[in-house]
Amino acid sequence: MENIYDLIVIGAGPAGLSAGLYGARAKMKTLIIEKDKTGGQIVTTEEVANYPGSIRNATGPSLIARMVEQCEEFGAEKIKDNIVEINLDDKIKVLKGEKGEYRTKAVIIATGASPRKLNVPGEKEFTGKGVSYCATCDGDFFTDFEVFVIGGGDTAVEEAMFLTKFARKVTVVHRRDKLRAAKSIQEKAFKNSKIEFMYNTVVKELKGDGILESIIFENKETGEVWEYRADEEDGTMGVFIFVGYIPQTDLFKEKLDMDDRGYLITDSEMRTNIPGVFAAGDCRQKVLRQVVTATADGAIASIMAEKYINENFEE
Ligand code: NAP
């Protein structure tokens with residue numbers, strides 16, 4: 001008999017794992033497909049302080065590990081594949097991956113978002129050689145080195161504080177004259193003696209010979225451009241870029257409604273414009289992108305997928 005899933009969830013971050021958990025608990029034949037590593041962006045977070053009920057000192061990876069366990073306990077299947085083509089128009093949706101083809105009655109898209117790049121010369125070349133988008137992953141490489149954090153939002157300021165555990169000095173470089181981060185986060189950072197702030201400043205170029213050695217900055221107010229070289233003894237320094245995120249929704253362009261920034265548009269029940277196709281988490285247009293809202297989206301999407309299947313497919 002043809003292997004048709006009730007529910008396929010694309011993405012295994014908090015939204016996808018929550019959708020998978022609810023799907024499996026409702027006894028739907030559920031598959032979670034993840035292209036890379038499980039967990040999404042939260043696994044790059046050292047401290048999950050604001051997820052209600054999370055145990056003290058919970059880290060992104062520990063929270064995700066528990067979510068995966070729960071999914072498995074209830075029988076959700078999980079595989080690694082990169083979905084490259086989709087047909088959502090027919091009643092049975094077909095997802096084509098690099099490893100296989102998957103058929104399902106309902107789909108929940110929980111593909112999340114990925115770090116926005118600065119798109120300056122040298123950024124790509126020195127990624128992993130001084131440039132990073134993940135403090136948890138790469139912070140300890142810069143123990144006792146100097147580090148720059150680019151961005152002025154919650155992520156940049158929180159990660160700057162985290163990086164002071166390793167770096168001897170952290171400079172937050174922000175393009176405007178005031179931070180975007182929440183006041184409570186700013187206040188904590190201002191008290192940290194290892195953090196300095198450089199306002200009205202952008203990165204023009206990252207330079208080096210095999211490894212990052214210098215940064216070209218520009219002051220947006222004065223137009224002054226200068227080159228900052230790593231301490232000679234260090235030979236290098238860290239540049240951590242936290243300038244927001246871009247939704248991973250390219251696959252759905254011209255198929256599903258999205259806003260001009262590429263976030264999928266759903267109603268409050270996570271329905272997209274195609275019946276049987278739902279979206280949850282950071283990939284969708286919403287006001288707050290946090291674990292708590294991602295897991296809530298996943299739960300709602302799954303319950304609505306179950307309702308859709310009951311209404312549209314015979315037993
Ligand atoms: P964000 O709020 O979008 O902030 C991005 C920052 O990068 C802004 O300061 C922005 O500058 C700057 N920026 C954007 N493009 C840039 C460029 N090309 N060059 C230089 N700077 C650039 O992103 P986020 O901080 O990652 O936060 C994302 C979401 O997660 C937010 O909703 C945030 O509240 C949430 N979050 C919450 C927590 C928490 O509550 N603990 C922690 C992390 C994230 P401008 O200010 O000039 O626009």
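In which helix is the place of Glu 158? Glu 158 sits in helix α4, which covers residues 154-163. This is a predicted model, in which local features need pLDDT of at least 70, side-chain atom pairs count only at pLDDT 80 or more, and totals for chains, interfaces and linings use all residues. Residues are numbered from 1 along each chain as its sequence is written, and side-chain values use heavy atoms, with hydrogens and water left out.

**View 1. The whole protein chain.** The protein chain has six helices and 17 strands, where helices (H or I, at least four residues) and strands (E, at least two) are DSSP runs numbered from the N terminus. Of its 315 residues, 50% count as buried, a word that stands for under 20% relative accessible area, while exposed stands for over 50% and partly exposed for values in between (1.4 Å probe, protein chains only).

**View 2. A patch of negative charge on the surface.** Glu 46, Glu 47, Asp 154 and Glu 158 gather here; a patch is made of residues with over 30% relative accessible area and no salt bridge, like charges being joined within 9 Å and nonpolar side chains (Val, Leu, Ile, Met, Phe, Trp, Tyr) within 5 Å. A salt bridge is a side-chain nitrogen of Lys or Arg within 4 Å of a carboxyl oxygen of Asp or Glu. Glu 158 is partly exposed, because its relative accessible area is 41%.

**View 3. Asn 200 in its loop.** Asn 200 lies between β11 (195-198) and β12 (201-208), and has a positive phi of about 50 degrees although it is not a glycine. Asn 200 counts as buried because its relative accessibility is 17%.

Technical notes. Accessible areas come from the Shrake-Rupley method with a 1.4 Å probe; for residues, only the protein chains shown count as cover. Lys and Arg count as positive and Asp and Glu as negative; His and the chain ends are not counted. The place of a charge is taken as NZ of Lys, CZ of Arg, CG of Asp or CD of Glu.
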